[in-house]
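Keep the sequence and the 3D view open while you read.

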Amino acid sequence: MANEIRKVKTFIIFLLTISYILGFLVYFLKNYFVLSQTFFTIFSIVYMYLPFFTVVLVEKYIYKGSLKGLGFYLKWDKYIFLSIFIPIILTYLSNFLSLIFKDITINYEYFKPYFLILLTLQVIIVGSTINALVALGEEVGWRGYLVNNLIHKGFFKASIFIGFIWGIWHTPLILMGLNYPESKFFGIFMMVLFTILLSPIMIYITIKSKSIINASIFHGVMNSIGGLHLILLKGGTDLTKGIIGFPGLIILLFLNIIFLPKFLEFERELKSCS
């Protein structure tokens, strides 16, 4: 166990150092140069693969270990469907809950059955393929390496810690306007809450399916549909609408409450095996 904790510490130190150097370099460069959208697209993909590269660096070259056991395989079972449809359901619920704020209304230009059906189909296809492949770069680190080395500490402790690291890792991106362009600094806090609340269900699906591919699909679908509020809702702010705003945090909190019996049962299983 001591060796696993050393690996976690080494991974986090290298990952945050490399990510923050690269991220803040781009953050400061964009204040002096006009950077194209193509540049930011490539930068985002590279940034999302930094956890993967760091896992390789730490496990293969520092600790002379193996990447086997991270769950690089796909099994057709219920967890694939959960990975696809939970993010979609969460996002739609978050958008409807956003309507509790008086300054937010539905954009009826897009709130049409045929548009929403086509959009959802596109999310499923793109999210579970292209976006999942991009998200795999992160998931090798979060639901792969960190879970493998921290789950012995308990499901809840591992979930909260991994969610926290996952959240603060986004700091340079948030300051560049990702998800919270109107509330950049407070957006860091919001992102950490979001990732902590999302972490338990993603870890649960990953361990139960023994596959980080499912986590990548979940992540990819979430990235695909996460901006739905931008077209489906009018008014409000970054903080008051959508899956990344306060409505999303409330929905995620309820999801964790619903799954709490499963989580507690899983926690007991882990303790009995330790």
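## Salt bridges, rings and the first helix

Across the whole structure, a search finds three salt bridges. The model is a predicted one.

**Salt bridge K7–E59**

- K7 and E59 form a salt bridge, with their closest N and O atoms 3.1 Å apart.
- K7 sits in helix α1 and E59 in helix α3, so this pair ties together parts that are 52 residues apart in sequence.
- K7 is buried, with a relative accessible area of 13%.
- E59 also counts as buried, at 6% relative accessibility.

**Salt bridge R143–E139**

- R143 forms a salt bridge with E139, and the closest N and O atoms are 2.6 Å apart.
- Both residues belong to helix α6, where they are four residues apart, about one turn of the helix.
- R143 has 1% relative accessibility and counts as buried.
- E139 has 0% relative accessibility and counts as buried.

**Salt bridge K208–E269**

- The side chains of K208 and E269 meet in a salt bridge of 3.6 Å, N to O.
- This pair links distant parts of the chain: K208 is in helix α9 (residues 184–209) and E269 is in helix α12, 61 residues apart.
- K208 is partly exposed, at a relative accessible area of 30%.
- E269 is partly exposed too, with a relative accessible area of 32%.

**Aromatic pairs**

- F96 lies in helix α4 (residues 78–97), and F111 lies in the loop between β1 (105–106) and α5 (113–127), so the pair ties together parts that are 15 residues apart in sequence.
- F96 is partly exposed, with a relative accessible area of 38%.
- F111 counts as partly exposed as well, at 27% relative accessibility.
- F155 and F266 have ring centres 5.6 Å apart and planes at 80 degrees, so this pair is edge-to-face.
- F155 is in helix α7 and F266 is in helix α12 (residues 246–273), so to speak of distant parts of the chain is fitting: they are 111 residues apart.
- Both F155 and F266 are buried.
- Ring pairs also link F39, F40, F43, Y47, W142 and W169 into a cluster.

**Helix α1**

- Helix α1 covers residues 2–29 and has 28 residues.
- From its first C-alpha to its last, helix α1 reaches 40 Å, close to the 40 Å expected at 1.5 Å a residue.
- The buried residues of α1 are K7, V8, T10, F11, I12, L15, L16, S19, G23, V26 and Y27.
- K7 on that list is the residue in the salt bridge with E59.
- What covers the buried residues of α1 includes α2 (37–48), α3 (50–62) and α6 (130–150).
- The cover also includes α7 (155–169) and α8 (171–175).

Key:
Residues are numbered from 1 along each chain as its sequence is written. This is a predicted model: local features need pLDDT of at least 70, side-chain atom pairs count only at pLDDT 80 or more; totals for chains, interfaces and linings use all residues. Side-chain values use heavy atoms; hydrogens and water are left out. Helices (H or I, at least four residues) and strands (E, at least two) are DSSP runs, numbered from the N terminus. The expected span of a helix is 1.5 Å times one less than its number of residues. Buried means under 20% relative accessible area, exposed over 50%, partly exposed in between (1.4 Å probe, protein chains only). Contact means heavy atoms within 4.5 Å. Rings of Phe, Tyr and Trp (its six-membered ring) pair if their centres lie within 6.5 Å; planes under 30 degrees apart count as stacked, over 60 as edge-to-face and the rest as tilted. A salt bridge is a side-chain nitrogen of Lys or Arg within 4 Å of a carboxyl oxygen of Asp or Glu.
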